[in-house]
Amino acid sequence: MKITLLISTFNSISQSYYTILKDKGYSVDIVYAINDTQMINEIDEFKPDIILCPYLKKFVPKEIYNIYDTYILHPGIIGDKGAYSIDNALRESKKQWGVVILRANDSFDGGDIYASVDFNLRDTTKASIYRNETKIASIKALEILLNNIKHNNFKPITQPNTPMHLQLTQKHRSINWHEDTSKAIIRKINYSDSFPGVLDEILGVKCYLYGAWIEEKLKANKSKEILAKRDGAICISTIDGSIWISHLKEVNRFKLPATYTLKDKLAGIKEYRLPLIFDKSYKTFYEITVDIKDEVGYLHFNFHNGAFRAEQCIRLKYAFLYLKEQVKVIVLMGGDDFFSNGINLNILEDSKKSGEDGWSNINAINDLVKSIIFAPEVITVASIKKNAGAGGVFLALACDKVISSNTTILNPHYKSLGLSGSEYHTYSLYKRVSNDIANSLLDDCLPISSKKAKDINMIDEVFNIDTYDKDLEQYCLKLLEDEDSYDEFLWNKEDYLEEQEEFINSCKDKELKVMYDEFWNKNSIFHTLRYEFVYKLCPIQTPKRLKYKG
């Protein structure tokens with residue numbers, strides 16, 4: 001079957017659909033929804049059997065849905081219609097939500113429903129709901145849709161004749177610092193997360209607020225005072241306590257750690273530090289934590305959007321070095337929504353010395369990766385339960401064992417951003433897969449599923465998302481089950497590293513030699529592509545790498 005994915009951007013759910021359909025053997029073409037004429041021409045050229053729209057912000061032209069069976073994923077329950085669906089559900093404190101796949105027609109979100117999947121709604125950010133529950137439900141809905149359209153006797157559900165839900169504006173999202181409690185403020189920031197954010201003014205800077213955390217210890221006599229800063233975040237007082245805000249986005253700019261946005265306006269504000277590894281003994285803002293169970297250390301690093309700044313790499317490296325003295329197995333767990341996406345491009349775009357800061361960032365993450373590769377004292381496991389991209393994939397491949405969930409998407413490449421990449425990937429990737437496969441992964445710049453990654457021996461195991469945590473724990477305990485086998489593994493690892501040390505380091509040196517100009521040369525395509533990525537500029541055509549090649 002020939003399937004077109006008609007999308008506004010190639011986001012996590014779009015990538016999930018793409019990899020699932022490719023794994024099933026379907027011919028898949030991608031069309032960006034830029035304008036009606038372009039959409040119609042690209043679709044007519046491919047002549048798909050069906051069209052799927054996993055993430056589409058434009059209305060489908062009748063010239064498309066009248067000719068091709070077109071199905072739209074809507075992140076809402078049956079009867080829900082309109083934009084900002086999850087925002088409304090969180091704002092109204094719904095306990096359950098869901099997704100539907102409906103047939104495109106002349107009514108916005110009004111077509112017949114061919115699949116629906118509900119899920120429990122956590123009290124968290126909109127982006128986290130989208131990247132986790134919504135994505136998983138969307139994958140299940142795709143399977144239901146594909147099964148239903150195969151059967152001629154299937155009868156879709158008629159979408160109820162309900163009105164559009166409330167179209168939220170900044171009026172509905174705005175914070176009243178003299179009346180809203182900490183909980184109310186966090187709720188507003190959470191349901192506005194990712195886009196559009198909550199518009200406010202902090203120290204005279206008009207900006208959108210993201211990443212809210214409750215603080216239990218710091219307080220002030222009046223609200224909206226800056227009490228402290230930590231790891232890029234700021235602590236602001238409220239009428240009943242205080243909260244941390246991790247990121248701000250100035251109007252017409254891009255998201256940055258709060259301290260990077262406010263800069264010298266924070267002069268005199270105390271850095272309220274935590275231990276290297278926080279014990280979670282009270283509620284506050286933190287990024288690195290550890291859970292130790294049965295001589296297994298689960299190292300969590302919850303960096304915003306999976307992007308690693310240089311100083312975060314350094315802190316994580318020292319956390320790893322500390323932990324390897326305490327346990328026999330270390331599991332890199334990643335964060336709530338991502339495992340890792342490599343270096344932080346927003347920081348480099350903001351920098352007046354992007355070459356210098358880029359060089360610092362790549363060397364810092366390389367030092368982190370080196371500490372993981374050259375750790376003969378412990379068995380290291382990468383737990384890629386959530387998506388990973390670019391250097392984040394190769395951070396995982398630095399480990400002895402690599403585990404993933406069946407819903408994880410991997411983007412093991414750099415070139416779509418004009419980088420050749422480092423993180424020892426010319427060692428770790430080529431160690432696991434053939435040269436031809438490795439070259440294809442790096443050059444094609446396409447996502448792959450965890451199933452595909454295991455098929456090509458890039459990763460070791462894939463666990464079902466529904467039982468992932470339990471399966472991961474059992475896997476790690478099995479590594480310790482036989483003491484002789486454990487010791488033998490470490491002896492062999494130590495011997496191997498001694499033999500290969502010079503080669504492994506030479507791989508990194510060669511990578512950096514190529515990357516030097518990519519960071520320091522002002523004419524490097526990386527600077528242009530980074531700008532377009534950070535500012536989320538709309539493409540003028542569907543990227544060629546996403547087109548069906550036969």
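**Figure 1. Leucine 5 faces leucine 52 of strand S3 in a predicted model.** Leucine 5 stands opposite leucine 52 in S3. The model shown here and in the other views is predicted. Strands S1 and S3 pair in the parallel sense. Three bridges link S1 and S3. Leucine 52 is buried. Leu5 and Leu52 also belong to a nonpolar core of 40 residues.

**Figure 2. Six strands form an open sheet.** The strand order is S2-S1-S3-S4-S5-S6, and the pairing is mixed. Strand S2 (27–32) and strand S6 (113–120) are the edge strands. Each of these two pairs on one side only. On average, neighbouring strands of this sheet are turned by 20° against each other, direction ignored. Strands of a sheet pair through backbone hydrogen bonds, either parallel or antiparallel.

Figure 3. S1 covers residues 2–7. Six bridges join S1 to S2.

**Figure 4. Strand S3 is covered on both faces.** Ile50 and Leu52 lie on one side of S3. Ile51 and Cys53 lie on the other. These four residues are all buried. S3 also runs parallel to S4, and four bridges join the two strands. Isoleucine 50 has aspartate 69 as its bridge partner in S4.

Figure 5. H5 spans residues 126–148. The helix lies across S3, strand S4 (69–74), strand S5 (96–103) and S6. H5 runs at about 150° to S6.

**Figure 6. Helices H11 and H17 pack against each other.** H11 covers residues 354–373, and H17 covers residues 483–520. The packing angle is about 170°, and the axes are 11 Å apart. H11 is therefore roughly antiparallel to H17. On the H11 side, the contact includes Gly355, Trp359, Ile362, Asn366 and Lys370. On the H17 side, it includes Leu497, Ile504, Lys508, Met515, Phe519 and Trp520. The residues of this contact divide into ten nonpolar, five polar and four charged.

**Figure 7. Four strands form a second open sheet.** The order here is S16-S18-S20-S21, again with mixed pairing. Strand S16 (338–340) and strand S21 (448–449) stand at the edges. Each has a single partner strand, so one side of each is left without a neighbour in the sheet. S16 pairs with strand S18 (residues 387–389) in the parallel sense, over two bridges. Phenylalanine 338 has asparagine 387 as its bridge partner in S18.

**Figure 8. Met458 sits in the largest nonpolar core.** This core has 68 residues. Leu299 and Met458 have the most contacts inside it. Helix H11 gives the most to this core, with seven residues. Another core, of 40 residues, lies apart from the largest one. Among its members are Leu5, Leu52, Ala89 and Ile101.

Figure 9. The bond runs from phenylalanine 195 to proline 196, with omega near 5°. Proline 196 is in the loop between helix H7 (182–191) and strand S7 (198–202). Most residues other than glycine have a negative phi, and most peptide bonds are trans.

**Figure 10. Two lysines have positive phi.** For lysine 280, phi is near 60°. This lysine is in the loop between helix H8 (258–262) and strand S13 (288–293). Lysine 280 has a relative accessible area of 37%, so it is partly exposed. For lysine 536, phi is near 50°. Lysine 536 is in the segment after helix H18 (525–534). Lysine 536 counts as exposed because its relative accessibility is 69%, and the cut-off for exposed is over 50%.

Key. Residues are numbered from 1 along each chain as its sequence is written. This is a predicted model: local features need pLDDT of at least 70, side-chain atom pairs count only at pLDDT 80 or more; totals for chains, interfaces and linings use all residues. Side-chain values use heavy atoms; hydrogens and water are left out. Two strands pair if DSSP finds at least two bridges between them. Axes are lines fitted to C-alpha atoms, for helices over the stretch in contact, and angles run from 0 to 180 degrees between N-to-C directions. Contact means heavy atoms within 4.5 Å. Buried means under 20% relative accessible area, exposed over 50%, partly exposed in between (1.4 Å probe, protein chains only). Angles under 35 degrees count as roughly parallel, over 145 as roughly antiparallel, 65 to 115 as roughly perpendicular and the rest as oblique. Ala, Val, Leu, Ile, Met, Phe, Trp, Tyr, Cys and Pro count as nonpolar, Asp, Glu, Lys and Arg as charged, and the others, Gly among them, as polar. A nonpolar core is a set of buried Ala, Val, Leu, Ile, Met, Phe, Trp, Tyr and Cys residues joined through side-chain atoms within 4.5 Å.
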